[in-house]
Amino acid sequence: YSVECKWQETWQIPEWIKQAKANTCEGEDWLLFVRRSRMKPYSIVIMDAETFFELQRKVTEKEKP
């Protein structure tokens, strides 16, 4: 994964997603890690839904007997 990290009080998620995508190397998936002071949950991960479901599919297949 190509990880973009932000610790900001004001969130600009669409802009950060564009930045994460722009900084991703070929063959990698982008991942955005965001945090805001005194906010629960303290950290949030944002990724492309298709990438998430593909990862979930791989985990599910691995767990099958």
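A search through the whole structure, which is a predicted model, turns up one aromatic pair. The partners are Phe 52 and Phe 53, whose ring centres sit 5.3 Å apart; their planes meet at 70°, so the pair counts as edge-to-face. As for solvent, Phe 53 is exposed, at 56% relative accessibility, while Phe 52 comes out as partly exposed, at 38%.

Helix H2 covers residues 49-63. The N-terminal end of H2 has a cap, supplied by Asp 48. Here a side-chain oxygen of Asp 48 lies 3.0 Å from the backbone nitrogen of Glu 50.

Over in strand S1, the story starts with Ser 2. Is Ser 2 buried or exposed? With a relative accessible area of 11%, Ser 2 falls under the 20% limit and is therefore buried. Its side chain reaches the backbone oxygen of Asn 23, at 3.4 Å. Setting aside neighbours within four places in sequence, Ser 2 also has Thr 24, Glu 28, Asp 29, Trp 30 and Leu 31 among its contacts, along with Asn 23.

Strand S1 runs over residues 2-7, and Gln 8 lies in the loop that leads from there to helix H1 (13-22). Gln 8 is partly exposed, with a relative accessible area of 37%. What does Gln 8 touch, once residues up to four places away in sequence are left out? The answer is Trp 16, Arg 35 and Arg 36. One of these, Arg 35, turns up again in another setting: it lies over the face of Trp 7, at 4.6 Å from the ring centre. Gln 8 can also be placed relative to Ile 44: the two are 36 residues apart in sequence, and 12 Å separates them in space, C-alpha to C-alpha.

That leaves the cysteines. How many disulfides are there? The count comes to zero. Cys 25 itself is partly exposed, with a relative accessible area of 49%.

Terms used: Residues are numbered from 1 along each chain as its sequence is written. This is a predicted model: local features need pLDDT of at least 70, side-chain atom pairs count only at pLDDT 80 or more; totals for chains, interfaces and linings use all residues. Side-chain values use heavy atoms; hydrogens and water are left out. A disulfide is a pair of cysteine sulfur atoms within 2.5 Å. Buried means under 20% relative accessible area, exposed over 50%, partly exposed in between (1.4 Å probe, protein chains only). Helices (H or I, at least four residues) and strands (E, at least two) are DSSP runs, numbered from the N terminus. Contact means heavy atoms within 4.5 Å. Rings of Phe, Tyr and Trp (its six-membered ring) pair if their centres lie within 6.5 Å; planes under 30 degrees apart count as stacked, over 60 as edge-to-face and the rest as tilted. A charge sits over a ring if NZ of Lys or CZ of Arg is within 6 Å of the ring centre and within 35 degrees of the ring normal. The expected span of a helix is 1.5 Å times one less than its number of residues. A polar contact is a pair of N or O atoms within 3.5 Å; within protein, one must be able to donate a hydrogen and the other to accept it, and residues adjacent in sequence count only if both atoms are side-chain atoms.
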